[in-house]
Amino acid sequence: MKVVNLKQAILQAWKERWSDYQWAINMKRFFPRGATWDILNLAEALLEQAMIGPSPNPLILSYLKYAISSQFDDFSRDLCVQSLLEIMDMFCDRLSCHGKAEECIGLCRALMSALNWLLRCAAFYAEKVKETLEQVAAESQLKMCLERLGKMLSSTKNRALIHIAKLEETSSWSAVEQSLLKLGENLNSLGNSPLRSRADDCISLIKSIPTMLSVHSEQLNKTGFPTVHAVVLLEGTMNLTGETQPLVEQLMMVKRMQRIPSPLFVLEIWKACFVGLIESPEGTEELKWTAFTFLKIPQVLVKLKKYPQGEKDFTEDVNCAFEFLLKLTPLLDKVDQRCNCDCMDLLLQECSKQGLLSEANMDNLIDKRAADREHAPHLKSAENANIQPNPGLILRAEPTVTNILKTMDADHSKSPEGLLGVLGHMLSGKSLDLLLAAAAATGKLKSFARKFIKLNEFTKQINGEGPKGAPVRALLFDISFLMLCHVAQTYGSEVILSESSPAGEVPFFETWMLTCMPEEGKILNPDHPCFRPDSTKVESLVALLNNSSEMKLVQMKWHEACLSISAAILEILNAWENGVLTFESIQKITDNIKGKVCSMAVCAVAWLVAHVRMLGLDEREKSLQMIRQLATPLYGENTLQFYNERVVIMSSILEHMCADVLQQTATQIKFPSMGMDTIPYWNLLPPKKPIKEVLTSVFTKVLEKGWVDSHSIHIFDTLLHMGGVYWFCNNLVKELLKETRKEHTLRAVELLYAIFCLDMQQLTLTLLGHILPNLLTDSSKWHTLMDPPGKALAKLAVWCALSSYSSHNKGQASTRQKKRHREDIEDYISLFPLDDTQPSKLMRLLSSNEEDSNILSSPTDRSMSSSLSASQLHTVSMRDPLNRVLANLFLLISSILGAKTAGTHTQFVQWFMEECVDCLEQGSRGSILQFMPFTMVSELVKVSTMSSPKIVLAITDLSLPLGRRVAAKAIAAL
């Protein structure tokens, strides 16, 4: 009768889903403790019931395990332990569960407690081996334990279930770690026997469970990485003033996604720097590249050094990269020739200073390069001997920047003459460009500009000014104004703008620059109120220019004169057009404008450029003639100090301002620049070629070469501005889908990712929000998604999504991307209407009580929304366009996986998910996979290549109880 009762008890426990400890309590209540436990044959009865179905019943097995671990802590009873180990053989290597989610979680817990029991058992016998009398028996028992441990842990599925249990019950995992320590201590007595090595294998497998997802092998079959190359080139050519941290994170992202070994990664960065130096146009661009290579990149490496490198020492990787670099003798010779010095030597010293190289390694590398240079073609020619090399000058300019900033902090009113001396020295030769490049590369350009704005504001003070102080004030105004214009044109106007000026007036220069200064892509209205100041001031300025033989300096309000000059020029032009003024009078007036301070000429030309744009062909002559007059320097006796130096900067500013207008009006004006080059990277597009042809031909050329050069980057940037984000992205994706050779498609993806860095956020939104959904939902386009181009597009989509999501979360849009026009980006909220009422209802349901088992029971037990994803449980804002686009893309992917028809689009989705798993860091909280609906996990597991426990762990958010249940259910059913 009792046996019948025992069966009834087991069935009742099964029906009511007792937990293992409830089972133990109830059993003690039903059957008072006595000799009857073994008579009842409890273990057999449990096993018989557990094995009825097609797979072992995990709940009933957990009762058995609970009984084992609670009853059999007395490991001295060898036969009992032996029979338990034999029982374990029955289910250890074929565990599965097709029940509800909490049963699967129960299985995970049971497996972890069985693991703990086995470890304690093994530790007990390992200690017993020391006793001589019992050694043989203990060894045989230990061998049996280790065999079961090995069998249990050899299955990735079991390890994955234990991984889930570890996150579910951290206290039990601590117990496992304690048992591990004990076993480790007791193993020391085993010497080097086979048992010892088997035990060590088991221990290392257990220790690897928490890091199951973070092991990625590196790519060892490649030596060139065009993405790193292009990202560095892009940054050096277009974003010298950008902060280093976003660049560091972007590079780390590429390194991780493409699994690039550290030494080759650092090597690629240096290669890109040297190629950039060799390619850069002479003049400012060359100085920018020199500053980028010798000042900014060592700082980038210092930050890279702080990232965890695993076992390896980063300085060793840097040393190894330089060893590789030394083998590229032609590249080094070419860069030495371009810079007229031993670049490697200077770079190694700079890296050593920053703690990136040990002294011994530095000396060794310097000696090797010196020996190499002996055989180089003669690098120093007679005409080069007197030219000071740029790298040396840039490295010396960096401390000078700091000193100048300190000088500029002093009270200007105390010794304006002393300050003028410092500024005059800055203007000579190429000092200014050197200092600006050094300041830009070290992140000091913004404070440099702020100091000059402050100085420019200081010159408004004219109280009690006499004839002695007036010229100094005029010069301080002029030099600061010219420098700021030059900085705005060379490094972008955003460097000048203050983040948010405290309540008060905006500085004069900022106002003028925003409203009156011509820039690429900025169209000015010559009739704008900013060009029409107070008429009395204009009249007095016109009278002053027309009547006096030269400009007065004392008590002159220069900022007012600069704002009034545009209206004055209009009056003068009208008078000239109507024959009131002769050409001689105009010459006298323009001489007055440019004679003392060059800034007035700059302001006058700024307005004239806007004015000429509005005139018909036959009306432009006099305006252009006036620009020509203002641009020609005045070489008289009576000019103020540093006139020649100021004229050089003025000419460069005017040339930049007039470039577009002169091209449109087919006019030539000779600007008296002292050997300075034409504007670099300007007017790049061929005149009569459609832009789509330009895009495809440049991309084809880049693909053939295998890397992007700075010239192509600028063409891509111009095309992106001109064609808009959708046009640009769509046409480049079409180019990618045309490729049919595997190695070509991979190279194309690496290059496209780098090109997309021009505006990663917007291009990603377009790619994931428009282009992919179009390809996946239109069956006539499915054939384009075949392997290899389809697989390559999936890779590109994942790389872009990960990069955008990562930098977006840190709020790191670069200034280059902030200023791009947004007119072709639609409102993503109206484009993708997510049902906003649904998540909130679910949120209430899910957050009410995580412990309540029937609420979080299982995704299949209650109607779980097909769109519920981890992102909603983490309350990620769906108002954000990128989050919205990602959520919709995953909903689309989910519906494709659940659809009854399959095709290349289904294959594409699989590649997309595989790439997501490949690129992920451990634990997907906060990654793009949090937007994946939970219901998609069970669909994915049906795809043969995705049905592995590791992939399930990687794609579910294990930080959430619901995530763990979904994962346990999917893995237990494999």
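Author: Begin with burial: buried means under 20% relative accessible area, exposed means over 50%, and partly exposed is in between, with a 1.4 Å probe and protein chains only. The areas come from the Shrake-Rupley method with a 1.4 Å probe, and for residues only the protein chains shown count as cover. This is a predicted model, where local features need pLDDT of at least 70, side-chain atom pairs count only at pLDDT 80 or more, and totals for chains, interfaces and linings use all residues. Residues are numbered from 1 along each chain as its sequence is written, and side-chain values use heavy atoms, with hydrogens and water left out.

Reader: Is V231 buried or exposed?

Author: V231 has a relative accessible area of 0%, so V231 is buried.

Reader: How many of the 974 residues of the protein count as buried, as a percentage?

Author: The figure is 55%. The protein exposes about 42000 Å², and carbon and sulfur atoms supply 53% of that area.

Reader: How many helices and strands are there in the protein?

Author: Helices (H or I, at least four residues) and strands (E, at least two) are DSSP runs, numbered from the N terminus. The protein has 46 helices and zero strands. V231 belongs to one of them, helix α12, residues 226-238.

Reader: Which residues does V231 touch?

Author: Contact means heavy atoms within 4.5 Å. Not counting residues up to four places away in sequence, V231 touches L247, Q250, L251, A754 and C757. Take L247: 16 residues separate V231 and L247 in sequence, and their C-alpha atoms are 8.4 Å apart. Across the protein, 78% of the contacts with a separation of 6 or more are between residues 24 or more positions apart.

Reader: At what angle do the axes of α12 and helix α13 cross?

Author: Axes are lines fitted to C-alpha atoms, for helices over the stretch in contact, and angles run from 0 to 180 degrees between N-to-C directions. The axes of α12 and α13 (residues 244-257) cross at roughly 165 degrees and come within 10 Å. Angles under 35 degrees count as roughly parallel, over 145 as roughly antiparallel, 65 to 115 as roughly perpendicular and the rest as oblique. The crossing therefore makes α12 roughly antiparallel to α13.

Reader: Which residues make the contact?

Author: From α12 come T227, V228, V231, V232 and E235. From α13 come L247, Q250, L251 and V254. Now the general idea behind such spacing. An α-helix has 3.6 residues a turn, so residues three or four places apart point the same way.

Reader: What classes of residue are in the contact of α12 with α13?

Author: Ala, Val, Leu, Ile, Met, Phe, Trp, Tyr, Cys and Pro count as nonpolar, Asp, Glu, Lys and Arg as charged, and the others, Gly among them, as polar. The contact of α12 with α13 has six nonpolar, two polar and one charged residues.

Reader: At what angle do helix α24 and helix α29 pack?

Author: Helix α24 (residues 469-491) and helix α29 (residues 598-613) pack at about 45 degrees, with axes 8 Å apart. That angle makes α24 oblique to α29. F477, D478, F481, L482 and C485 of α24 meet C598, S599, V602 and C603 of α29. By class, seven are nonpolar, one polar and one charged.

Reader: Why is helix α22 largely enclosed by the rest of the structure?

Author: Because 10 of the 11 residues of α22 (residues 431-441) are buried. Among them are L432, D433 and L434. The buried residues of α22 pack against α15, α20, α21, α23, α24 and α31. G443 follows α22 and has a positive phi, near 75 degrees.

Reader: Which residues other than glycine have a positive phi near 55 degrees?

Author: R17 is one, with phi near 55 degrees. R17 sits in the loop between α1 and α2, and at 34% relative accessibility R17 counts as partly exposed. F642 is another, with phi near 55 degrees. F642 sits in the loop between α30 and α31, and at 18% relative accessibility F642 counts as buried.

Reader: Which residues does a cis peptide bond join?

Author: The cis bond joins D787 and P788, with omega about 10 degrees. P788 lies in the loop between α36 and α37.
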